[in-house]
Amino acid sequence: MSFAASVLTLYPEMFPGALGLSLAGRALEAGTWSLEAIQIRDFASDRHRTVDDTPAGGGAGMVMRADVLAKAIDHTSPPDDLRPRLLMSPRGRPLTQARVRELAAGPGAVIVCGRFEGVDQRVIDARGLEEISIGDFILSGGEPAALVLLDAVVRLLPGVMGNAVSGEEESFENGLLEHPHYTRPQEFEGREIPEVLISGNHKKIAAWRRAQSEALTRARRPDLFGKSMTKG
Ligand code: SAH
């Protein structure tokens, strides 16, 4: 069963974009996942194909209309669709590797990309959209956020990553940031690869990497470090 992604957007030309290349692109071609980009504007009913209007209560910018978006969602994702319906939104719950894993294990996702000031709250409530943020900053639209989310999900799909082990040792998978990496040449601008890594002593190497991970996490992300300790 392949992962089915449907993206609702005013800019379907942005898809698959970066996801048409490299690992994700090959997996798309192989049918490991599928992607349809739906033009929200096609569901507008007036002859100007209007999708937005001025905010109730006044203020700057425009708001995406609930009725047009609801039509697009219902067309793409009928009530018996088992896929989660997501809305990319800076107000959403921050995306985590744990949520990415859950999504990758499921049937797919319907992803709504906001534009303007955002979308009318009533469609979020009426269609039970799960708001997901990719970080504490403001993008001009949800499309790059959807690409980010899908990139993270697709690489976890069975058969997508060549070396499955590397997925499990990465940052966040064990509540720690990853240790630094090195490769040839042995010396670069006077800097050597740490001695231990060329020692051939796998126990020592594992211990060194673990210590590096912990020091890095403590320094850069003390919030994660606390978590990894309680998880054991
Ligand atoms: N006025 C809104 C920001 C709108 S940005 C606010 O202050 O909260 C326009 C659209 O870009 C949003 O509807 C959302 O779909 C997308 N977007 C912006 N930043 C995002 C982020 N950090 N994560 C996910 N989506 C984001």
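Trainee: Which strands each supply at least two residues of the shell around the ligand?

Mentor: In this predicted model, a shell is read by asking which elements its residues come from, and here strand S5 (85-94) and strand S7 (130-133) each supply at least two residues of the shell around the ligand. Strand S5 gives the most, with 3 residues.

Trainee: Which residues of the shell come nearest to the ligand?

Mentor: There are 19 residues around the ligand, and among these Met-88, Gly-114, Glu-117, Gly-135 and Phe-137 come nearest. Sorted by class, the shell holds 9 nonpolar, 8 polar and 2 charged residues.

Trainee: Where are polar atoms of the backbone placed against nitrogen and oxygen atoms of the ligand?

Mentor: A polar contact is read as a pair of N or O atoms within 3.5 Å. A nitrogen atom of the ligand is 2.8 Å from a polar backbone atom of Phe-137, and for a polar backbone atom of Ile-134 the distance to a ligand nitrogen is 3.1 Å. An oxygen atom of the ligand, in turn, lies 3.5 Å from a backbone N or O atom of Gly-141.

Trainee: How much of the ligand's exposed area does the protein bury?

Mentor: The size of an interface is often given as the accessible area lost when the parts come together. Taken alone, the ligand exposes 560 Å², and the protein buries 85% of that. As for its site, the ligand sits in the second largest pocket.

Trainee: How many domains does the domain assignment give, and how far apart are their C-alpha centres?

Mentor: The assignment gives domain 1 (3-154) and domain 2 (169-231), and the C-alpha centres of these two domains lie 36 Å apart.

Trainee: Which peptide bonds are cis, and where do their prolines lie?

Mentor: For a peptide bond, the angle to read is omega, which is about 0° for the cis bond that joins Phe-15 and Pro-16. Pro-16 lies in the loop between strand S1 (3-9) and helix H1 (22-30). The peptide bond from Arg-184 to Pro-185 is also cis, with omega near 5°, and Pro-185 is placed in the loop between helix H6 (164-168) and strand S8 (187-188).

Trainee: What is the phi value of Arg-49, and where is this residue placed?

Mentor: Phi of Arg-49 is near 55°, which is a positive value in a residue other than glycine. Arg-49 belongs to the loop between strand S2 (33-39) and strand S3 (52-53).

Notes:
Residues are numbered from 1 along each chain as its sequence is written. This is a predicted model: local features need pLDDT of at least 70, side-chain atom pairs count only at pLDDT 80 or more; totals for chains, interfaces and linings use all residues. Side-chain values use heavy atoms; hydrogens and water are left out. A residue is near a molecule or strand if one of its heavy atoms lies within 4 Å of it. A polar contact is a pair of N or O atoms within 3.5 Å; within protein, one must be able to donate a hydrogen and the other to accept it, and residues adjacent in sequence count only if both atoms are side-chain atoms. Accessible areas come from the Shrake-Rupley method with a 1.4 Å probe; for residues, only the protein chains shown count as cover. On a 1 Å grid over the protein atoms alone, a cavity is a set of points where a 1.4 Å probe fits but cannot get out, and a pocket is an open set with protein on both sides within 12 Å along at least five of seven lines; lining residues have an atom within 4 Å of a point. A molecule sits in a cavity or pocket if more than half of its atoms lie within 2 Å of its grid points. Helices (H or I, at least four residues) and strands (E, at least two) are DSSP runs, numbered from the N terminus. Ala, Val, Leu, Ile, Met, Phe, Trp, Tyr, Cys and Pro count as nonpolar, Asp, Glu, Lys and Arg as charged, and the others, Gly among them, as polar. Domain bounds come from an automatic or database domain assignment.
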